[in-house]
Amino acid sequence: TYKTDAVNQIDTTGAGDSYIAMILSLLSLANIPLDSWIDTHLEKAVKHASDISAKVVQKQGAIPDIDYK
């Protein structure tokens, strides 16, 4: 289980959407079969998606202006 650092939560709108979007984006960019991706990339993807969602909840509104890198 990956836990991101605690953040000041302002608005949870879009947190789940950004999490799933990052997982799917990283899966798509890897361009390898899902089974291989799970074994080699899933842990890093979960960490990155969690970090992005943590950024999202620190902003007000559904489409915050954040750096997705």
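## Exercises on a predicted model

Leu34, Ile38 and Leu42 make a nonpolar surface patch of about 230 Å². Patch residues have over 30% relative accessible area and no salt bridge, and nonpolar side chains are joined within 5 Å. The model is predicted, so local features need pLDDT of at least 70 and side-chain atom pairs pLDDT 80 or more, while totals for chains, interfaces and linings use all residues. Residues are numbered from 1 along each chain, and side-chain values use heavy atoms, without hydrogens and water.

**Exercise 1.** Find which polar partners the side chain of Asp11 has.

*Solution.* Start with location: Asp11 lies in the segment before α1 (15-30). Asp11 is buried, yet has no salt bridge (a Lys or Arg side-chain nitrogen within 4 Å of an Asp or Glu carboxyl oxygen). The nearest side chain of opposite charge, Lys59, is 12 Å away. Next, look for polar atoms. The Asp11 side chain makes a polar contact with the side chain of Thr13 at 2.7 Å (N or O atoms within 3.5 Å, one able to donate a hydrogen and the other to accept it). The Asp11 side chain also reaches the backbone nitrogen of Gly61 at 3.0 Å.

**Exercise 2.** Describe the backbone and setting of Asn31.

*Solution.* Asn31 is found in the loop between α1 and α2 (34-40). Its phi is near 55°, a positive value in a residue other than glycine. Most residues other than glycine have a negative phi. Asn31 is exposed, with a relative accessible area of 68%.

Conventions: Helix = DSSP H or I, 4+ residues; strand = E, 2+ residues; numbered from the N terminus. Buried < 20%, exposed > 50% of the residue type's maximum accessible area, 1.4 Å probe, protein only. Lys, Arg positive; Asp, Glu negative; His and termini not counted. Patch = residues over 30% accessible without salt bridge, like charges linked within 9 Å, V, L, I, M, F, W, Y side chains within 5 Å. Areas by Shrake-Rupley, 256 points an atom, 1.4 Å probe, with all protein chains shown as cover.
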